[in-house]
Amino acid sequence: CGGGGGGTPNNPPVTDDRPIVNGRVELPAGDGSALKVLAGANEPAAVKDGAFSVRLRDDAPALITAVNANNEPVLMAVSPTPASKAATRAGTQPVLNAQTTAIAMIYLMPYVAQAEPDDEQAMLSLITGLPETAALASALQDALTASPATPPLDNAAVRAALTDAVNATLR
């Protein structure tokens with residue numbers, strides 16, 4: 001018969017040394033207060049007056065997602081790995097809007113996302129410069145204006161624009 005224990009473990013508290021990053025949610029209408037922001041292993045962050053705070057690692061890319069009450073993604077942004085060991089994310093304010101969502105949606109497709117920081121930056125730059133990305137951002141803006149808390153992929157025009165943008169990226 002085993003002992004009951006009852007004592008406290010001797011494990012020291014774990015400190016979270018990831019930098020706090022303050023960001024903004026930009027919806028075409030409203031301040032996004034009905035959304036919450038998810039990033040890595042963080043607890044969901046509330047959006048207040050369009051602002052949020054999360055902790056992000058400095059040694060890996062991060063996906064930041066604003067979700068609705070049903071935990072469905074509405075807005076996204078890829079926060080790339082900082083360019084050098086001396087750089088941190090704390091000085092860069094991520095923004096979640098139609099443009100960053102378009103870039104993230106394309107980047108997260110198979111064969112597009114990159115593991116090496118230099119390749120990651122190059123791919124994000126390529127995606128950002130494509131006219132098809134601008135068309136996807138416009139479709140997202142229209143979908144979010146019509147229904148701010150609805151997942152954009154529910155919109156046929158967004159799905160079509162995403163297909164065109166991914167095809168352009170992979171050419």
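This is a predicted model: local features need pLDDT of at least 70, side-chain atom pairs count only at pLDDT 80 or more; totals for chains, interfaces and linings use all residues.
In strand β7, the bridge partner of R24 is V95.

- Strands of a sheet pair through backbone hydrogen bonds, and the pairing may be either parallel or antiparallel.

**The sheet of four strands**

- A further open sheet is made of four strands in the order β3-β2-β5-β6, with antiparallel pairing.
- The edges of this sheet are taken by β3 and β6 (73-79), each of which has a single partner strand, so one side of each is left without a neighbour in the sheet.
- Strand β2 (residues 36-39) and strand β3 (residues 45-46) pair in the antiparallel sense over two bridges, and within this pair V37 stands opposite A45 of β3.
- β2 and β3 make a hairpin with five residues between the strands, and in this hairpin G40 takes a positive phi near 60°.
- β2 is also joined to strand β5 (residues 62-67), by four bridges and with the two strands running antiparallel; the bridge partner of A39 in β5 is I64.
- Between β5 and β6 there are six bridges, and these strands likewise run antiparallel, with A66 standing opposite L75 in β6.
- In a regular strand the side chains alternate between the two faces of the sheet.

**Helix α2**

- Helix α2 (residues 117-129) has 13 residues, which at 1.5 Å a residue should span 18 Å, and this agrees with its end C-alpha atoms, which are 18 Å apart.
- The buried residues of α2 are E120, M123, L124 and I127, and because they fall within an arc of 100° when seen down the helix axis, they line one face of α2.
- An α-helix has 3.6 residues a turn, so residues three or four places apart point the same way.
- On the face of α2 turned away from its buried side are the exposed residues D118, S125 and G129.
- The buried residues of α2 pack against strand β6 and against the helices α1 (98-107), α3 (131-146) and α4 (156-170).

**Helix α4**

- Helix α4 has 15 residues and reaches 21 Å from its first C-alpha to its last, which is close to the 21 Å expected at 1.5 Å a residue.
- V158, A161, L162, A165, V166, A168 and T169 are the buried residues of α4, and they cover an arc of only 160° around the axis, which puts them on the same side of the helix.
- These buried residues of α4 pack against α1, α2 and α3.
- At the start of α4, a side-chain oxygen of N155 reaches to within 2.8 Å of the backbone nitrogen of A157.

Conventions. Residues are numbered from 1 along each chain as its sequence is written. Side-chain values use heavy atoms; hydrogens and water are left out. Two strands pair if DSSP finds at least two bridges between them. The expected span of a helix is 1.5 Å times one less than its number of residues. Buried means under 20% relative accessible area, exposed over 50%, partly exposed in between (1.4 Å probe, protein chains only). The arc is that of the directions from the helix axis to the C-beta atoms. Contact means heavy atoms within 4.5 Å. A polar contact is a pair of N or O atoms within 3.5 Å; within protein, one must be able to donate a hydrogen and the other to accept it, and residues adjacent in sequence count only if both atoms are side-chain atoms.
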